Structures are given as C-alpha cells and as structure tokens.
Amino acid sequence: MAGVSLALRLGVSFIKFSSLFLLLAYHSHSFYLPGVAPQDFITGAELKVKVNKLTSTKTQLPYSYYSLPYCPPDHIVDSAENLGEVLRGDRIENSPYVFQMREPQQCKILCRITLNEKTAKEFKEKIDDDYRVNMILDNLPLVVPIPRFDLENAVVYQHGFQVGLKGQYAGSKDQKHFIHNHLTFTVKFHKDSQTNLARIVGFEVKPFSIKHDYDGQWKNENTRLTTCDPHARRAVTSSESPQVIEDKKDVIFTYDVAFEESEVKWVFRWDTYLLMADGQIHWFSIVNSLMIVLFLSGMVAMIMLRTLYRDISKYNQLETQEEAQEETGMEIGVQFFGMILVTMMFAALGFLSPSNRGGLMTVMLLLWVFMGLFAGYASARLYKMFKGTEWKKITLKTAFIFPATIFTIFFFLNALIWGEKSSGAVPFGTMFALVFLWFGISVPLVFAGSYIGFKKPGIEDPVKTNKIPRQIPEQAWYMNPAFSILIGGVLPFGAVFIELFFILTSIWLHQFYYIFGFLFIVFVILIVTCAEITIVLCYFQLCGEDYLWWWRSYLTSGSSAIYLFLYAAFYFFTKLDITKPVSGILYFGYMLIASYAFFVLTGTIGFYACFWFTRLIYSSVKID
C-alpha cells in the first residue's frame, strides 16, 4: 500500500507541475519583453527601410543584399550586429527605400540599371535557387501574406519576397527568368486617439514583375512612366507584362507604399507573425507525452518500491564482501544542461524577444561560457568519487573535448561557406571572439570549478562495496547491453520527435518559431523520460550482478541522439529540396553537432538519475 500511495502522490504532483507549464505555454505567445522601446511617429515622419540577407531554403547559404546589383543608397552603412546575428549570417544595411509616415506614395522610382551578362547570370542563379529578399522596418521583418484557403480569414506569413520567378510567354516553350522590380508595401500602424501619434505594427509587401515604359528622355526619379503613373491613376496590380532578365536589358525599380490603420497594439504586434497554425498538433503531442510519462512514473514507483523492498530485506540478512573495482572519471554534460535549462526558462517567460535578432544564440553562447564553472565542479566531484587523483587531467578533458570537437566541425563548415562567398561565413574577427570566450573565460572557469570540487570531501560510490544478490538470470534478453541502449534511446526520442519536426522546419525552412512554452514542457518530459528509463534498466543491470553501471547509464539515454540523427536524415530526404553538395554537407554537419550535443545532454541526465538511484537504494542497506 505504501508503494501505491507514493505512486499516487507522484502522479498528482506531476499533473500539478505539468498543468502549471501548460498554462505558461498558453500565455507565452502574447507576452514578451520587447528588447527595444516603442517608437512614436508623427504624420510625415521619415521611415527608413533596412535590408537584410538574401536567403534560400534550397542552398541554406545567405548572401548580402547588395551582392546583387540592386539600387544602392548614396552610402552603404552597416548596422551594428550582435554576436548571434553574425553567426546567423545577418547583414543589415541601409537602403534607398524611404517612406513618410501615413503619406501614401505610388510608383516611386528608385533607379534604372542595365544588365550585362554577369549581372543577368547572378539574378538567374538566385531565382533558380528560390532566394528571397529580407527587409526590416522599425525592427519588424518584411513578410508576404499568403491566404490559407482551408481556414476562413486565415493568413500565413512568409519571410521576405522572392527575387523573381520563372515562366513562359504565351505561345512560347522557352522558359524565361523575370525579376520582381515593383514592390507594393503596406505599413500597418496603431494610432493613439489622444496624441494622434502612431506606432508601426505591421510591414507587408506584394512583389510584381513589370516591364516599365516611359516617354521622352530618362530623368531619374522625375521620369514619368507610362506603365505606372499616379497622375493618371494607373497602378501596378499584376505581372501580366513582366520584366525579363537578359543581357543589355534595362530594369526600372519602383515601389508603392500604403498605410493601413490597425487595432493591434504595439505590444502585441508580433502575435500576428508568431500565430501557431498547427497549435492542435502541439497540444496533442504534449498530452500524449504526458500520459506516457505519467503511466511510466506510476509503474516505476510501484515496481521499484515493491521489488526493492523485497531485495533489500533479503540483502540485510546476508553477509557478502567483494573487492571494490576501480574506474576512471568521465566527462559529463552539466555545462550544456545548465545552458539549455536557463535558456528555456528565460525564453518561456518571454525574456528573449523575436525583435532582438540573434539574442537567443548570444544568450546561449554566454551561458555556455559561464556554466563552465559548474562543469568543472561536477567533473571533479565525480572523478574524486572514483578515487581519481589527477584532477588537472580530468579538468583539461572537461574544458576541451566537447568544445574542441564542435569547433573543429564548425571551422570545417565555415571554410565551405567561405568558399561559396556567402555572408553566412563567420568573419575572422568573430572567430577570434569565440576563441577568446572559450580560452579566456570558459577554460579558467572550468579550472576554478574543478579546483573547488576536488578540494571538498569526496563521496563514495556505494555500488563498489555493496551489491544486491542477483535476482534476474544473466541470460535474460533484457540484460543485453545492446538492448538497454536501443530501448533506452527510443523512449526519450519518442517524447520529443514531434516538436523536433517544428524546430527543424523553423531552422531549415526559415519559418517563425516562438512557442518556447511548449518547448519547455517537452524539455521537462525529456528529462523525466531519460531519468525513468535509465533507472529501470540500471536496476535490471544491478540485479544481474553487473555493477559497472556508469557508462551503461550514460549510453542508455544518450543513444537517443542516434535516433535524432536518423530522423534528421529522414527529414532531409522527405521535406527539403537541397540539391547542392555543399548545402547537403552543411545540413548534415550542423545536425551532427546537434546530435552530439543531444547525446551529451541526455547521457548526463541518465547518468545522474542512475547515480541518485544507486545512492538511494544502498543507503537502505545495513553494512556490518
């Protein structure tokens, strides 16, 4: 009855805990700290549009906006970028697009360019690879609204607009490339009824391709076009007469801008962009995982309490003495676990605003650096438990093995990006900053934590001297190490694979992702699943008189990284349209880094769960 009572208490506690974070997930979509103060604009105030990188889901290689011969301003000025923005490949610059607040403009001429063979080829290549142009106004990204016909009055927003499109003239079989040279912008604003000031809450565009004509001589922005004339109320509403991309062709770039009043307040302006189109799938995934974890928690509590009580009672009537074994220390993922946990908490509470581009990556890097103190402390304590004496050696391993592996892969991938002349390549100055964060801050903190941990009194591993009599035959199929590793990896991966799909879609298909409330719940479920399955299999192992549980427990839950990498390969071949070898290498290289980090994270969770479990059960054993 005691086991059943504890199991019920565990279940009720878990339901309360889960309900709290489900409530957090529900509200997290509308609450965030903006990262920038709201800006009020009077009528006629100047609005400057900034341009960002060109992106493609086909190549995954970003390029700067002015890598194509678009109309430049008098002087190109780079905006200040944080570390995360540089690592993301963002290159934010000024542009010749200038609006006046709440003053519509029609058929505004930017410039005229004459294509040559080289520039025409560059435009065609970008169109073939489905590149999109990204812009920013008042820290809001430019989006193209796409109506969803399966839902009434529903709209999906896509990042940026396409450089151009491919098509054929009527009656011709030759495929041509056409450029989007006319942009119809819509700036949505929320007006203060008392002060008449306005704040920008939306930035949308509809791109068109049109072959502009004009009478007389070219007079730059004062030229009067016949295809787009505000005086004659002739506007561009379609691409029926598109602008073809060919050598020695003139291309005239124009734009319209309209202003639309909105009821959306400034603080909620990101809600439209971050609206979940598949919210029911997230809820189904969470509820399904919670039911599995709740069932597994009850089973573990009941089986462990009943079985352990019987085993420990028998053991306390026996006298056994066996020789203790020696084991070396191991590196763990305390540093990575701490980084993920703190990042998830800040993101779920809304402290990492989407308006702060690169903020998430910057925070993760800084947290990784400062978590080195805890990594050094944890590794030293465990190393001392296993009777290790060379604490400097284990400290060096903790400080260098994981980061060095990641940095080597990252450096190789960055060299490939450099070879493609992409803006996604990390500059040498930023690379030096990363090395400084590693050697100048992280490594000293690891040594400091290791020194503190090694000087404290050691803890004993009770399994080395106190052993449960074997209860399960050694030949049992569930005692096989391969089975433990395979089954141990399936359950943690099964708890996260649905959310993993949305994360991969956000990263590789350039879609918005800001449902960190759901992600935090999934992270908690992952921790519980890793811990419980490792405890069960660790108990089976100890009952089989196999007392070398340390690496087995690490690999049991850590093997979920294998399934993650296999799923990434499945996603690559079924969801992505990547054809270039370099882009494929980049994908699998980055997913290898992610899988390695996931292995360290889940392995650490499994190890500490088993470590806590063995100390708990052996504390009940009477030693004479």
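What share of the contacts in the chain with a separation of 6 or more is accounted for by residues 24 or more positions apart? The share is 81%, where contact means heavy atoms within 4.5 Å.

**Figure 1. Overview of the predicted chain and its confidence.** This is a predicted model, in which local features need pLDDT of at least 70 and side-chain atom pairs count only at pLDDT 80 or more, while totals for chains, interfaces and linings use all residues. Residues are numbered from 1 along each chain as its sequence is written, and side-chain values use heavy atoms, with hydrogens and water left out. The secondary structure comprises 14 helices and 13 strands; helices (H or I, at least four residues) and strands (E, at least two) are DSSP runs, numbered from the N terminus. Of the 624 residues, 51% count as buried (buried: under 20% relative accessible area; exposed: over 50%; partly exposed: in between; 1.4 Å probe, protein chains only). The average pLDDT, the predictor's confidence in each residue from 0 to 100, is 81 for the chain, and 82% of the residues score at least 70. In residues 1-35 the pLDDT is below 50, and this stretch has 52 contacts in the model beyond near neighbours in sequence. Residues 467-475 also have a pLDDT below 50, with 29 contacts beyond near neighbours in sequence.

**Figure 2. The largest nonpolar core and a separate core.** A nonpolar core is a set of buried Ala, Val, Leu, Ile, Met, Phe, Trp, Tyr and Cys residues joined through side-chain atoms within 4.5 Å. The largest such core holds 134 residues, of which Tyr97, Phe99, Met135, Phe185 and Phe203 touch the most other members. Helix H11 (residues 516-543) supplies the largest share of this core, 18 residues. Another core lies apart from it and has nine residues, including Trp218, Leu225, Cys228 and Val236.

Figure 3. A search of the whole structure finds three disulfides, each being a pair of cysteine sulfur atoms within 2.5 Å. With bonded cysteines counted along the chain, the disulfides follow the pattern 1-3, 2-4, 5-6. The sulfur atoms of Cys71 and Cys111 are 1.8 Å apart. The torsion about their S-S bond is about -75°, so the disulfide is left-handed. Because Cys71 lies in the loop between strand E1 (46-55) and helix H2 (83-88), and Cys111 in strand E3 (residues 105-114), the pair ties together parts that are 40 residues apart in sequence. Both Cys71 and Cys111 are buried.

**Figure 4. The disulfide between Cys107 and Cys228.** The S to S distance between Cys107 and Cys228 is 2.3 Å. Cys107 lies in strand E3 and Cys228 in the loop between strand E12 (198-208) and strand E13 (250-261), so this pair ties together parts that are 121 residues apart in sequence. Cys107 is buried, with a relative accessible area of 9%, and Cys228 is buried at 2%. The phi angle of Cys107 is near 55°, a positive value in a residue other than glycine. A positive phi is also found at Lys248, near 70°. Lys248 belongs to the loop between E12 and E13 and counts as exposed, at 69% relative accessibility.

**Figure 5. The disulfide between Cys538 and Cys610.** The sulfur atoms of Cys538 and Cys610 are 2.2 Å apart. Cys538 in helix H11 and Cys610 in helix H14 (residues 581-618) are 72 residues apart, and the pair links distant parts of the chain. Both cysteines, Cys538 and Cys610, are buried.

**Figure 6. The contact of helices H6 and H7.** Two packed helices are described by the angle between their axes and the distance between the axes. The axes of helix H6 (residues 359-370) and helix H7 (residues 372-385) come within 4 Å and cross at roughly 35°. Axes are lines fitted to C-alpha atoms, for helices over the stretch in contact, and angles run from 0 to 180 degrees between N-to-C directions. Trp368, Val369 and Phe370 of H6 meet Gly372, Leu373 and Phe374 of H7. This contact has five nonpolar, one polar and no charged residues; Ala, Val, Leu, Ile, Met, Phe, Trp, Tyr, Cys and Pro count as nonpolar, Asp, Glu, Lys and Arg as charged, and the others, Gly among them, as polar.

**Figure 7. The surroundings of Thr55.** Thr55 is placed in strand E1 and counts as buried, at 11% relative accessibility. Leaving aside neighbours within four places in sequence, Thr55 is in contact with Asp130, Tyr131, Arg132, Asn134 and His510. The C-alpha atoms of Thr55 and His159 are separated by 9.2 Å, with the two residues 104 residues apart along the chain.
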